[in-house]
Amino acid sequence: MRIRLEGTPDECQRATEAIARVLDVLETSRPYPNRPPSQLIRVYLTANTRASKGE
């Protein structure tokens, strides 16, 4: 799945770490700045759900 994060650099970093605790994050994009005057960035994650232990 593809996940788009939008926020401050610190928010996106913390969100990426939180998501990685429940999903397998395969790829993280570089930060892309939003259009001015926004101070926010966008980060795109590619992730898979984790298989349960019984599978």
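## Report on the predicted model

One aromatic pair is found when the whole structure is searched; rings of Phe, Tyr and Trp (its six-membered ring) pair if their centres lie within 6.5 Å, with planes under 30 degrees apart counted as stacked, over 60 as edge-to-face and the rest as tilted. The ring centres of Tyr32 and Tyr44 are 6.0 Å apart and the planes stand at 65 degrees, so the pair is edge-to-face. Tyr32 lies in strand β3 (residues 32-33) and Tyr44 in strand β4, 12 residues apart, and the pair thus links distant parts of the chain. Tyr32 counts as partly exposed, at 28% relative accessibility; buried means under 20% relative accessible area, exposed over 50%, and partly exposed in between (1.4 Å probe, protein chains only).

This is a predicted model, in which local features need pLDDT of at least 70 and side-chain atom pairs count only at pLDDT 80 or more, whereas totals for chains, interfaces and linings use all residues. Residues are numbered from 1 along each chain as its sequence is written, and side-chain values use heavy atoms, with hydrogens and water left out.

The protein chain holds one helix and four strands, where helices (H or I, at least four residues) and strands (E, at least two) are DSSP runs numbered from the N terminus. Read from the N terminus, the order of elements is β-α-β-β-β. The radius of gyration of the protein chain is 13 Å, well over the 10 Å that the globule rule gives for 55 residues, so the chain is more spread out than a compact globule; this radius is taken over C-alpha atoms, and the rule is 2.2 Å times the number of residues to the power 0.38. The C-alpha trace spans about 50 × 15 × 10 Å along its principal axes.

Strand β4 pairs with β1, β2 and β3 as tabulated. Two strands pair if DSSP finds at least two bridges between them.

| Strand pair | Sense | Bridges |
|---|---|---|
| β1 and β4 | antiparallel | six |
| β2 (residues 23-28) and β4 | antiparallel | five |
| β3 and β4 | antiparallel | two |

Within these pairings, Leu5 has Val43 of β4 as its bridge partner, Glu27 has Thr46 of β4, and Pro33 stands opposite Ile41 in β4.

Not counting residues up to four places away in sequence, Ile3 touches Ile19, Leu23, Val43, Tyr44, Leu45 and Ala47, a contact being heavy atoms within 4.5 Å. Of the 55 residues of the protein chain, 27% count as buried.
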